[in-house]
Amino acid sequence: MHLEQAVKKVPEVTLIFWIIKIFATTLGETGGDAVSMSMNLGYLIGTLIFLVIFLISVLTQIRARRYHPFLYWTTIIATTTVGTTLADFADRSLGIGYTGGAILLSILLILSLTTWHKTLGSISVNTVNEPKSELFYWVTIMFSQTLGTALGDWMADTAGLGYGGGALVFSVLLLIVLAAYLFTKISKVALFWAAFILTRPLGAVVGDFLDKPMSQGGLALSRYFASGTLLVIIIGCILVFPQEASKESGHDE
């Protein structure tokens with residue numbers, strides 16, 4: 001019974017899952033920027049604030065006995081906001097740049113996935129069924145969200161593609177992952193994590209497009225307004241399109 005209950009804390013990966021994920025990652029960008037920039041708290045203070053929220057959310061999620069949609073997506077949003085401010089702190093305040101930040105975070109993400117696989121034998125979300133696997137799950141997600149912020153900034157700024165160009169590149173990459181899922185025998189677990197990682201930089205460049213000044217290629221929307229609107233959309237999606245909890249506990253495919 002305990003195993004069955006634990007598995008139900010992770011939602012099934014469906015189309016609505018990915019739609020909410022993209023909105024959540026976009027909210028992570030605008031929300032993170034609202035605290036660190038609009039409130040003038042800086043990247044370090046912003047990171048500490050969102051880190052506390054992240055830790056509380058993860059601990060609550062792990063202690064929960066079943067899947068709670070709002071708790072799960074609150075935790076996802078917490079990973080995106082702390083990822084935004086943490087990546088900006090590393091890239092800008094520490095001076096390692098977008099390229100250095102992306103490389104460092106890629107290494108951390110690979111180490112997290114590798115350690116998870118070596119410790120528990122699988123990195124499939126369908127095997128997230130007890131506190132240890134949940135902890136690996138959320139740490140890996142946090143690294144992937146932080147990496148996504150760095151990748152989005154690198155694509156838009158360092159590569160010079162701008163927000164529109166960056167969004168196009170990541171959208172095409174996601175379509176390639178979808179085609180691989182539908183028409184190839186590539187590991188579904190590997191494709192899940194590829195899609196999970198790529199949705200974050202897509203959200204990052206879209207978020208920047210919404211709130212950055214027009215002189216930088218953005219729409220100059222209020223970060224508070226953009227964040228509030230995205231939050232309402234996410235809540236609406238959760239209410240209108242209820243998600244089933246994951247029912248499987250299979251291994252990597």
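Buried here means under 20% relative accessible area. With that cut-off in hand, here are some close-ups of a predicted model.

**View 1. Helix H3 and its buried face.** Going by that cut-off, H3 has these buried residues: Tyr43, Gly46, Thr47, Phe50, Phe54, Ser57, Val58, Gln61 and Ile62. Look down the helix axis and those buried residues of H3 sit within an arc of 120°, so they line one face of the helix. The background is simple: an α-helix has 3.6 residues a turn, so residues three or four places apart point the same way. Turned away from the buried side of H3 are the exposed residues Ile56, Leu59 and Arg63. As for what sits over the buried residues of H3, the cover includes helix H2 (15-38), helix H4 (69-93) and helix H6 (131-158). H3 itself runs over residues 42-63, 22 residues in total, and reaches 32 Å from its first C-alpha to its last, close to the 32 Å expected at 1.5 Å a residue.

**View 2. Helix H5 and the glycine that follows.** H5 covers residues 97-120, and at 1.5 Å a residue its 24 residues should span 34 Å; the end C-alpha atoms are 34 Å apart, so the two agree. Which residues of H5 are buried? They are Tyr98, Gly101, Ala102, Leu105, Leu109, Ser112, Leu113 and Trp116. The cover over the buried residues of H5 includes H4, H6 and helix H8 (188-211). Just after H5 comes glycine 121, with a positive phi of about 85°.

View 3. Valine 10 belongs to the loop between H1 and H2, while valine 125 belongs to the loop between H5 and H6. Valine 10 counts as buried because its relative accessibility is 4%. Valine 125, at 11% relative accessibility, is buried too. Setting aside neighbours within four places in sequence, valine 10 is in contact with Tyr67, Val125, Val128, Tyr137, Ala245 and Ser246. On the same terms, valine 125 is in contact with Val10, Val13, Tyr137, Phe192 and Trp193. For a sense of distance, valine 10 and leucine 135 lie 125 residues apart in sequence and 13 Å apart in space, C-alpha to C-alpha. Valine 125 and valine 189 are 64 residues apart in sequence, with 7.9 Å between their C-alpha atoms.

**View 4. The second largest pocket.** This pocket holds about 220 Å³ of space. Its lining is made up of 15 residues, and Leu27, Thr74, Ile77, Ala78 and Leu231 lie nearest the centre. Which helices each supply at least two residues of the lining? H2, H3, H4 and H9 do. H4 gives the largest share of the lining, 6 residues.

**View 5. Two non-glycine residues with positive phi.** Most residues other than glycine have a negative phi. Asparagine 40 is not a glycine, yet has a positive phi of about 60°. Asparagine 40 sits in the loop between H2 and H3 and is exposed, with a relative accessible area of 66%. Alanine 220 also isn't a glycine, and has a positive phi of about 60°. You'll find alanine 220 in the loop between H8 and H9, and at 43% relative accessibility it counts as partly exposed.

**View 6. Methionine 37 and its contacts.** Methionine 37 is part of helix H2. Leaving out neighbours within four places in sequence, its contacts are Tyr43, Asp88, Arg92 and Arg223. Methionine 37 and methionine 214 are 177 residues apart along the chain, and 17 Å separates their C-alpha atoms.

View 7. The mean pLDDT of the chain is 89, and 94% of its residues reach 70 or more. Over residues 1-6 pLDDT stays under 50, and the model has 6 contacts for them beyond four places in sequence. Residues 249-253 also stay under 50, with 18 contacts beyond four places in sequence. Where pLDDT is low, the predicted coordinates should not be read in detail.

Methods
Residues numbered from 1 in each chain as written. Predicted model: local features only at pLDDT ≥ 70, side-chain atom pairs only at ≥ 80, totals over all residues. Heavy atoms only, no water. Helix = DSSP H or I, 4+ residues; strand = E, 2+ residues; numbered from the N terminus. Expected span 1.5 Å × (residues − 1). Buried < 20%, exposed > 50% of the residue type's maximum accessible area, 1.4 Å probe, protein only. Arc of directions from axis to C-beta. Contact = heavy atoms within 4.5 Å. pLDDT = per-residue confidence, 0-100. 1 Å grid on protein atoms, 1.4 Å probe; cavity = no way out; pocket = protein on both sides within 12 Å on 5 of 7 lines; lining within 4 Å. Points joined across faces, edges and corners; volume = space filled by probe spheres on them.
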